[in-house]
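Subject: Structure for you, with notes

Hi,

Here is the structure for you to open. My notes follow below.

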Amino acid sequence: MSLVRYLTHPQVQIDPAVPVPQWGLSEIGRARTTALAASGTLTGTSLLISSAEKKAVETAEILAAKLGLAAQVRKAMHENDRSTTGFLVPSEFETVADQFFARPSENIRGWERAVDAQARIVREIKAALASPTEGDVLFVGHGAVGTLLYCHLADVAIDRRYDQPAGGGNYFTFDRDSRRILHSWRSMETADI
């Protein structure tokens, strides 16, 4: 069985003056990713694919260097487009994110609709997995679109209750052939990643 893991980038350096897609990893996020790379638990990975956002690319580069791989970047794997609001203070962000998941067919404050973001991430994952490869596959991406992908694969309605735990740096695993989810979100520190 070939495994596919979808890993979200861990903690980022928040800077309201910088567009969100250009945020990089924080010291904590970098340390968590470096520890995962050093753990040896991803040694079966033969293909690593990342979103083009800086925080995902930085995560992927740390892992790819240890695995001896070149990370492939897919621009359309980006997080849901929230450029209309830009940075929101955490409490406001959580309120809007709740609405995004609760009303997936609606345009919430100009954000990309959840149904559209879901169709995009599903299309990207399918396209990336279309070519045969030996070994496991690791996608490095984002929490909201990762949750939308999870909902699609689990054949459940879009709902924030399927969202990753706070802080990022979580993953879920599915079987490449059947697309059956093997487990829900787990922390990147979990020994059996």
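A term before the findings: angles under 35 degrees count as roughly parallel, over 145 as roughly antiparallel, 65 to 115 as roughly perpendicular and the rest as oblique. Angles run from 0 to 180 degrees between N-to-C directions, and axes are lines fitted to C-alpha atoms, for helices over the stretch in contact. Helices (H or I, at least four residues) and strands (E, at least two) are DSSP runs, numbered from the N terminus.

This is a predicted model, where local features need pLDDT of at least 70, side-chain atom pairs count only at pLDDT 80 or more, and totals for chains, interfaces and linings use all residues. Residues are numbered from 1 along each chain as its sequence is written, and side-chain values use heavy atoms, with hydrogens and water left out.

Helices H4 and H5

Two packed helices are described by the angle between their axes and the distance between the axes. Helix H4 covers residues 114-129 and helix H5 covers residues 143-154. They pack at an angle of about 75 degrees, with axes 9 Å apart. H4 and H5 are therefore roughly perpendicular to each other.

Which residues of H4 and H5 meet? From H4 come Ala114, Ala117, Gln118, Arg120, Ile121, Val122, Ile125 and Lys126. From H5 come Val145, Leu148, Leu149, Cys151 and His152. Contact means heavy atoms within 4.5 Å. The residues of this contact divide into nine nonpolar, two polar and two charged. Here Ala, Val, Leu, Ile, Met, Phe, Trp, Tyr, Cys and Pro count as nonpolar, Asp, Glu, Lys and Arg as charged, and the others, Gly among them, as polar.

H5 is mostly covered, with 10 of its 12 residues buried. Buried means under 20% relative accessible area, exposed over 50%, and partly exposed in between (1.4 Å probe, protein chains only). Among the buried residues of H5 are Gly143, Thr147, Tyr150 and Leu153. Their cover includes S1, H3, H4, S5 and S6. The end C-alpha atoms of H5 are 16 Å apart, which agrees with the 16 Å that its 12 residues should span at 1.5 Å a residue. The expected span is 1.5 Å times one less than the number of residues in the helix.

Just after H5, Asp155 takes a positive phi of about 55 degrees, although Asp155 is not a glycine. Asp155 sits in the loop between H5 and strand S5 (170-175). At 70% relative accessibility, Asp155 counts as exposed.

The sheet

Six strands form an open sheet with mixed pairing, in the order S3-S2-S4-S1-S5-S6. S3 and S6 stand at the edges with a single partner strand each, so one side of each has no neighbour in the sheet. Neighbouring strands are turned by 20 degrees against each other on average, direction ignored. Two strands pair if DSSP finds at least two bridges between them.

S1 and S4 pair in the parallel sense over five bridges. Val4 stands opposite Val137 in S4. S5 and S6 run antiparallel, joined by four bridges. Asn170 has Ser187 in S6 as its bridge partner. S5 and S6 form a hairpin with five residues between them. In that turn, Arg179 has a positive phi of about 65 degrees. At 28% relative accessibility, Arg179 counts as partly exposed.

Helix H2

H2 (residues 54-67) has 14 residues. From first C-alpha to last, H2 reaches 20 Å, close to the 20 Å expected. H2 lies across S1, S2, S3 and S4, running at about 165 degrees to S2. Its buried residues include Val57, Ile62 and Leu63. Gly68 follows H2 and has a positive phi, near 70 degrees.

Two single residues

Is Asn80 buried or exposed? At 3% relative accessibility, Asn80 counts as buried. Asn80 is found in the loop between S3 and helix H3 (90-102). Leaving aside neighbours within four places in sequence, its contacts include Phe100, Trp111, Arg120 and Val145.

Ser46 is in strand S2. At 34% relative accessibility, Ser46 counts as partly exposed. Not counting residues up to four places away in sequence, Ser46 touches Leu69, Glu134, Gly135 and Asp136. Ser46 and Thr173 are 127 residues apart along the chain, and their C-alpha atoms are separated by 15 Å.

Best wishes
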